[in-house]
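Hi,

Here is the structure I promised to pass on to you. Have a look at it first, then read my notes below.

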Amino acid sequence: MNNAAMLSPAGVLERAESVLESLSLREKVGQLVQVNGDGHVSDSLRDAIARGEIGSVINEVDPATVTELQRLARSESPNGIPLLIGRDVIHGFRTIFPIPLGLAATFDEALVEEASALSAREAAIQGINWTFAPMLDVSRDPRWGRIAESLGEDTYLTTVLGSAMVRGFQRDSDHRLLACPKHFVGYGASESGRDYNTASIPELELRNVYLPPFKAALDSGAASLMPSFSDLNGRPPTGNRWLLRDVLREEWGFDGFVVSDWASVTELAVHGLAADDADAARIAVESGTNMDMASGAYAHHLERLVEEGIVAMSLVDELVLEVLKVKISLGLFDEKRTWNEVATVSEESLALAQRAAEQSIVLLKNDDAILPLAREQRVALIGPLADQPYEQLGTWVFDADMNDSISLRAALEARIGNHLGFSAGLETSRDRRHDEFEEALELARSSDVVILALGEESILSGEAHCRTDISLPGAQEALVAALADVGKPIVGVVMAGRPLVLESVTDHLDAMLFAWHPGTMAGPALVNLLYGDVNPSGKLPVTLPRSVGQIPIFYNHRNTGRPPVPESINYIDDIDPQAHQVSVGNTSFHLDVHPSPAYPFGFGLSYTSFDYSDLEVLSASRIGDGFSIAVSVTNLGERPGCEVLQLYIQDPVASATRPVRELKRFRRLSLEPGETRRVELSVGADDLAFFNGEETIVEPGVFRVWVGGDANAPLGTEFELVA
Ligand code: GLC
C-alpha cells in the first residue's frame with residue numbers, strides 16, 4: 001500500500017472536506033493540537049476534548065482512559081472527530097526487541113517487518129493508533145545517543161529496513177499504528193554528536209544520504225512525518241518551508257501530515273527563527289507543520305493569528321484537511337470499539353524477540369574457536385551487564401514489564417545450573433570502584449572460562465544521552481585487565497546503545513559478541529549463541545571506530561584526492577626527531593591511529609566460514625537497464641550457517657564525487673556445511689541514480705562491483721554501462 005492508496009481513495013477527500021466545512025475556527029485549530037496524556041481524564045482535558053479543541057493525545061496507554069477520551073471526542077465534541085492516540089513504539093511495546101541499531105544488524109527485512117507488526121498489535125490492543133517511528137536518521141556519529149534508535153550509517157540499509165517497519169506497523173487494519181518516519185531530516189549529522197545541535201548539510205549530502213529513506217518510507221504508505229529538533233542549515237525543519245513544502249509536498253507529493261517534535265514549534269524562538277511563541281506558530285504553519293506536539297503554541301495563538309489576518313484561514317484549512325484525511329483513511333471515524341485489555345507477552349512474541357536478538361548479535365572475534373562453549377565447562381559469569389533485565393532492554397522502553405525480561409545470568413543458570421558461578425565485579429556500567437574485583441577474580445580462577453558482560457546501561461544512549469568518550473564507562477577496562485591476568489579464556493559480551501571504542505580490551509578477550517541492547521529475550525538468545533544452538537549471523541550496520549578521534553568514520557566515504565596508504569604511514573611513534581615537514585607522507589590520515597576502523601560496516605563472523613567465488617556480470621549494457629551479477633557462496637565449515645551476502649558498487653568517475661563503496665543489495669543465505677549456492681542479483685537504474693548538485697541523474701560509464709561478507713569485500717569486477 002503506498003501513501004496515495006492509503007490516503008486518497010475517492011471518498012476520503014470528499015468526506016474530509018465535508019467535515020472541514022462543519023468546523024468552527026476553534027475546532028479547526030483543535031485538530032492541529034496534540035497534548036500529553038497523564039493516565040487519567042482530567043477535567044481540563046475532558047472539557048477541551050468536549051469543545052473539540054484537541055485532535056490528538058500522546059502518551060496515554062491506559063485502555064480505559066483511551067476509551068473515555070475517544071468516547072468524549074466522538075460523542076460530546078461538536079463534530080465527533082476521533083483522536084489520534086500516539087506513543088513511541090520504537091522497538092517493541094510490551095515485548096521488547098533489540099534496539100533499532102540491533103534490528104539493523106539482522107539485515108533481515110522480513111524479520112523487521114514482523115517485529116513491527118507484532119509491536120503494533122500489542123500497542124493497538126490498548127487503543128494506541130499512532131507510533132512515532134521508524135526513526136530513519138542515517139547516523140555516522142556514535143557519540144550521538146540517538147544512534148541507538150537508528151538503523152545505522154547506511155542509506156540503503158536504512159531505506160530497506162525503515163520501509164519494512166512502516167509496512168509492519170500499518171499492515172493489519174485491525175491493529176494498525178499509523179507510522180511516522182522521523183526526524184526529518186539530517187538529525188544524525190548534529191555537530192559533535194551532541195543532541196539537538198546544528199546540522200549543516202549540503203544539498204548533495206541531503207539528497208544522496210539523508211532524504212532517500214524518508215521518501216521510501218512515505219512511498220511505503222507512511223502518512224505522517226516528524227521534523228527534527230536540529231537547526232538544518234539555518235532553518236530548523238519545523239519551520240523549514242523548503243523542506244516541508246518544496247521537497248515533501250511539491251516534489252514528493254506527500255499528502256499526509258506533519259507533526260512537530262516535542263515543543264519544537266516554540267523552540268523556533270529559542271533557535272532564533274521566531275520572535276516569540278506566536279511568531280513561531282505562524283512560521284510553523286506557513287512552513288507546513290500541521291500538528292503541534294505539546295508546545296501549546298497553536299492552542300494559544302493560532303486562532304488569534306487567523307482572526308487578525310496574520311495567518312490565512314485557507315492555510316489552516318489545508319493543514320486540517322490533511323489531518324482529517326489521515327484519520328478517515330485509518331478508519332477512526334467508523335471505529336466504535338472500546339479498549340479494556342492490557343497487552344501481554346506471548347509465546348509467539350517472545351520467540352520472535354528471541355530470534356531477532358539471536359540474529360542481531362554480531363560475533364566480532366573468536367580466537368581459537370573457543371566458541372561455542374561446551375556444556376560441561378565451569379563458567380564464571382562476571383560483569384555489570386550480566387544480570388540486568390532492565391538495562392538489556394535499551395532506550396525508548398516505556399511499556400515493558402521487567403518480569404518478562406530474561407537476563408544472561410538467568411538464562412545461563414537455566415542452561416548449565418551448578419556449572420555457573422556469578423560475581424558482577426561492578427554494580428553498574430559506570431561503577432568506578434574495584435571493591436568487588438577480588439571476588440570476581442577468585443571465581444575466574446576456579447572456572448574453565450569467563451563470560452564477561454560489559455557495556456553501557458540503557459540511560460547512556462538514546463535522546464540527549466551523548467558521550468565524548470565512547471569507551472567502556474566506569475572501571476570496566478580495569479576489570480578486563482585484572483581478569484586477563486588470571487589467564488582463563490574470556491568471552492566478552494558487549495551490550496550498548498552505540499558502537500564503543502574497545503581497543504584497550506579487545507586483545508584481552510578471546511571472543512567477543514557485540515549484542516547492542518538485545519531486549520526482553522537477551523539471555524536466551526545469548527545462551528543459544530554461546531553454546532552453538534544458533535550460529536551467529538549478525539552484521540555491523542555501523543562502523544566500530546578504533547578511536548573517538550576518528551569520528552565521523554564510515555565505510556561509504558568519498559575518496560579524497562589523497563587517500564591514505566596505510567602501509568606507508570609514519571605513525572607518531574615512528575617519526576624521527578626534527579623530521580622534515582613532508583617526510584611522513586601527505587595523505588588523508590591521522591598520525592596517531594591507523595586509518596581503518598576497528599571493525600568495518602557489514603562485518604560479522606560465524607562459527608563456520610564462507611567463500612565467495614565466480615563473480616560474473618550477467619547483464620550490463622545500457623545505464624537505463626542497470627546490471628545483474630551472479631556469484632557463488634560456499635559454506636566451508638562443518639556447521640550450518642547464515643551469511644549476509646552484500647553487494648557494493650562504486651561509480652569511480654561521475655559529475656560529482658561518489659562514495660568509494662555503496663551497499664546496493666544484501667541477502668541472507670542459510671547454507672549447509674559444504675553447500676555452494678549460486679546467487680543472482682540485479683541493480684536497477686534507480687539505484688545508480690544520484691544527485692550531482694544540480695539534478696538527479698544516472699550517468700553511463702565504468703562501474704565497479706564487489707560481493708562479500710562486509711564492506712571490505714575483496715571479490716570484485718567492473719563493467720561499463722552506456723547511455
Ligand atoms: C521526543 C523525540 C521524538 C519522540 C517525541 C515524543 O523528544 O525527539 O523522537 O517521538 O519526543 O515522545
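Predicted model: local features only at pLDDT ≥ 70, side-chain atom pairs only at ≥ 80, totals over all residues.

Let's start with a pair of strands: β17 and β18 (residues 627–635) run antiparallel and are joined by 8 bridges. A quick word on names: helices (H or I, at least four residues) and strands (E, at least two) are DSSP runs, numbered from the N terminus. Two strands pair if DSSP finds at least two bridges between them.

Residues are numbered from 1 along each chain as its sequence is written, and side-chain values use heavy atoms, with hydrogens and water left out.

Back to that pair: β17 and β18 belong to an open sheet of 3 strands, ordered β17-β18-β21, with antiparallel pairing. At its edges are β17 (610–620) and β21 (676–683), each pairing on one side only. On average, neighbouring strands here are turned by 20° against each other, direction ignored. (Axes are lines fitted to C-alpha atoms, for helices over the stretch in contact, and angles run from 0 to 180 degrees between N-to-C directions.)

There is also an open sheet of 5 strands, and its pairing is parallel, in the order β4-β3-β2-β1-β10. Its edge strands, β4 (130–131) and β10 (292–293), have a single partner strand each, so one side of each has no neighbour in the sheet. Inside it, 3 bridges link β1 (residues 33–36) to β2 (residues 56–58), and Gln 34 sits opposite Ser 56 in β2.

Now for two helices. The axes of α11 (residues 241–251) and α13 (residues 277–287) come within 8 Å and cross at roughly 20°. The two are therefore roughly parallel (angles under 35 degrees count as that). Their contact (heavy atoms within 4.5 Å) is made by Arg 241, Leu 244 and Arg 245 of α11 and Val 285, Glu 286 and Ser 287 of α13.

Leaving aside neighbours within four places in sequence, Glu 662 touches Tyr 555, Leu 647, Tyr 648 and Ile 649.

Cheers

Terms used:
Parallel < 35°, antiparallel > 145°, perpendicular 65-115°, else oblique.
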